[in-house]
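Subject: Structure for your review

Dear colleague,

Please find below the structure that I am handing over to you. My notes on what was found in it follow directly after.

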Amino acid sequence: MKLLTNKIIEDFEKQGLTGELPDSEKKVIAKYFFPIGSTIWYALEYNPKENEFFGYIVKSGHHELGYFELEELEYVTIDGLSVERDLDWESNTTLEEVKRGDKE
């Protein structure tokens with residue numbers, strides 16, 4: 001599965017940097033998950049020069065904002081399974097909605 005498409009890159013470019021925005025205005029452009037794990041990566045920003053995302057990471061009940069690399073997501077493979085992109089994700093979902101649990 002392609003984790004990053006031209007459309008998704010365009011959406012990241014349109015949003016730009018989100019640091020100064022309230023959570024209600026930060027769009028979660030893409031959601032990534034590992035099918036048999038507990039980690040979910042909600043991507044808010046993408047830096048193509050570094051192949052690095054900034055987003056909201058949920059792992060075993062722990063939540064944090066931070067950076068993660070595309071290479072990291074592409075590298076993880078266990079028993080033939082790898083990180084996937086949620087194909088049904090609505091890129092107009094806000095970080096506020098994710099944190100409230102409205103969208104998972």
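Arg100 and Glu96 are joined by a salt bridge between their side chains, with an N to O distance of 3.5 Å. Please note that this value, like the others in this message, comes from a predicted model. Both residues belong to helix 3, where they are four residues apart, or about one turn of the helix. Arg100 is exposed, since its relative accessible area of 51% lies over the 50% cut-off. Glu96, at 33%, is partly exposed.

Asp23 is partly exposed, with a relative accessible area of 24%, whereas Lys26 has a value of 8% and is buried.

A further salt bridge pairs Asp86 with Lys31, whose closest N and O atoms are 3.6 Å apart. Asp86 is located in the loop between strand 7 (84-85) and helix 3 (95-100), while Lys31 is part of strand 1; the pair therefore ties together parts that are 55 residues apart in sequence. Asp86 and Lys31 are both buried. Over the whole structure, the search finds five salt bridges.

As general background, nonpolar side chains in soluble globular proteins tend to be buried together.

The surface also carries a negative patch, which consists of Glu50, Glu69, Glu71, Glu72 and Glu74. Its largest share, three residues, comes from helix 2 (residues 70-75). Glu69, another member of the patch, is located in strand 4 (residues 62-69). With a relative accessible area of 34%, Glu69 is partly exposed; this value passes the patch criterion, because patch residues must have over 30% relative accessible area.

Yours sincerely

Note on methods:
Residues numbered from 1 in each chain as written. Predicted model: local features only at pLDDT ≥ 70, side-chain atom pairs only at ≥ 80, totals over all residues. Heavy atoms only, no water. Patch = residues over 30% accessible without salt bridge, like charges linked within 9 Å, V, L, I, M, F, W, Y side chains within 5 Å. Areas by Shrake-Rupley, 256 points an atom, 1.4 Å probe, with all protein chains shown as cover. Salt bridge = Lys/Arg side-chain N within 4 Å of Asp/Glu carboxyl O. Lys, Arg positive; Asp, Glu negative; His and termini not counted. Charge placed at Lys NZ, Arg CZ, Asp CG, Glu CD. Helix = DSSP H or I, 4+ residues; strand = E, 2+ residues; numbered from the N terminus. Buried < 20%, exposed > 50% of the residue type's maximum accessible area, 1.4 Å probe, protein only.
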